[in-house]
Amino acid sequence: MSRPSRTSHLSAVRPGVALSLLALLLLAGCASQVQRTTETLPRGDGPPRIVLMPIDLELSVLSAGGVEEPRAEWTAAAHEHVRAAFAAEARARGMELFEHDPARGDATEQRTVSDLVKLHRAVGQAILLHKYLPGQQLPSKEADFDWSLGPEVATIARLQQADYALFFFMRDSYASSGRVALIVVAAVMGVGVPGGAQVGFASLVDLNSGDVVWFNRFARGTGDLRTADGAREMVRVLLDEAPR
């Protein structure tokens, strides 16, 4: 069986957000447009401690009919590549970044952390919709970047001994050979058929306040998170304008 190629992962999110993500893909050639409340992070005796939260990542194959089928082996490999890429980029940028330790805390605290990862997905999708799409701005947030995960993030600060949390969400899909054939035939007929895409975002959250102090989205139809090089390139672009 041939390896599916890049040529949208939108089915895993709510329909309204899926539409906004598709629009982002169409409007944004490659990559990123940063939202932030600060360009630098406060330093005491050293750089702030930043915990990399559990990565919200899934890879899929896009069938000829447009159905996205999750691939566990691709997803597992991408997790390892992306985690290594964040570590390498943090070293290059002088960030004190360390991975979240899932063993810390009791069952209730661990459930709170899991809920916060899910909350970040919802808040991030809301930011995509209301900060990036014309006509979708919220009157109360139009002038400022004012988003928060709430006071529950104090649980992360206490358990992980961290000042900030870096959250990451990504859905990545690849066209199957059948999908590629359909794209070629449709193109000959003058019809555009979408292939796979990388769609995601990252947030840096102040664990004292719960505020999102930096946000960057990522949407493109190229790249390959199934490889270490592809993951490193994606993370480098994603963190290019992150505060230090």
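Predicted model: local features only at pLDDT ≥ 70, side-chain atom pairs only at ≥ 80, totals over all residues.

User: OK, which side chain does Arg232 meet in a salt bridge?

Analyst: Glu89 is the partner, with an N to O distance of 3.5 Å. The pair ties together distant parts of the chain, since Glu89 sits in helix H2 (residues 72–93) and Arg232 in helix H6 (residues 228–238), 143 residues apart.

User: And Glu89, buried or exposed?

Analyst: Glu89 counts as buried, because its relative accessibility is 8% and the cut-off for buried is under 20%.

User: How many salt bridges are there overall?

Analyst: The count comes to 12 salt bridges.

User: Let's stay with H6 for a moment. What does Glu233 pair with?

Analyst: Glu233 forms a salt bridge with Arg220, and their closest N and O atoms are 2.5 Å apart. This one also links distant parts of the chain: Arg220 belongs to strand S8 (residues 212–220) and Glu233 to helix H6, 13 residues apart.

User: How accessible are those two?

Analyst: Arg220 is buried at 6% relative accessibility, whereas Glu233 is partly exposed at 29%.

User: Where is the backbone oxygen that lies 3.1 Å from a polar atom of the Arg220 side chain?

Analyst: That oxygen belongs to Thr222. So the Arg220 side chain has a polar atom 3.1 Å from the Thr222 backbone oxygen, and with the side chain of Glu233 it makes a polar contact of 2.5 Å, while Arg220 itself is buried, with a relative accessible area of 6%.

User: Nice. What about Arg226, which residue does it meet in a salt bridge?

Analyst: Arg226 meets Asp224, side chain to side chain, at 2.9 Å from N to O. Arg226 is buried at 9% relative accessibility, and Asp224 is buried too, with a relative accessible area of 19%.

User: Tell me more about Arg171. Where is it?

Analyst: Arg171 lies in strand S6 (residues 164–175). It is buried, with a relative accessible area of 6%. Its side chain makes a polar contact of 2.9 Å with the side chain of Asp56. Arg171 and Leu57 are 114 residues apart in sequence, yet their C-alpha atoms are 5.9 Å apart in space.

User: Changing topic: back to H2. What span should its 22 residues have?

Analyst: At 1.5 Å a residue, H2 should span 32 Å, and its end C-alpha atoms are 31 Å apart, so the two values agree.

User: Which residues of H2 are buried?

Analyst: The buried ones are Trp74, Thr75, Ala78, Val82, Ala85, Phe86, Ala88, Glu89, Ala90 and Arg93.

User: What do the buried residues of H2 pack against?

Analyst: They pack against strand S2 (49–52), strand S3 (56–62), strand S5 (96–99), S6 and H6. For your picture, S6 is also the strand that holds Arg171, and H6 is the helix that holds Arg232.

User: Last one: what follows H2?

Analyst: Gly94 comes next, and its phi is positive, near 75 degrees.

Conventions:
Residues numbered from 1 in each chain as written. Heavy atoms only, no water. Salt bridge = Lys/Arg side-chain N within 4 Å of Asp/Glu carboxyl O. Helix = DSSP H or I, 4+ residues; strand = E, 2+ residues; numbered from the N terminus. Buried < 20%, exposed > 50% of the residue type's maximum accessible area, 1.4 Å probe, protein only. Polar contact = N/O pair within 3.5 Å; in protein donor to acceptor, adjacent residues only side chain to side chain. Expected span 1.5 Å × (residues − 1). Contact = heavy atoms within 4.5 Å.
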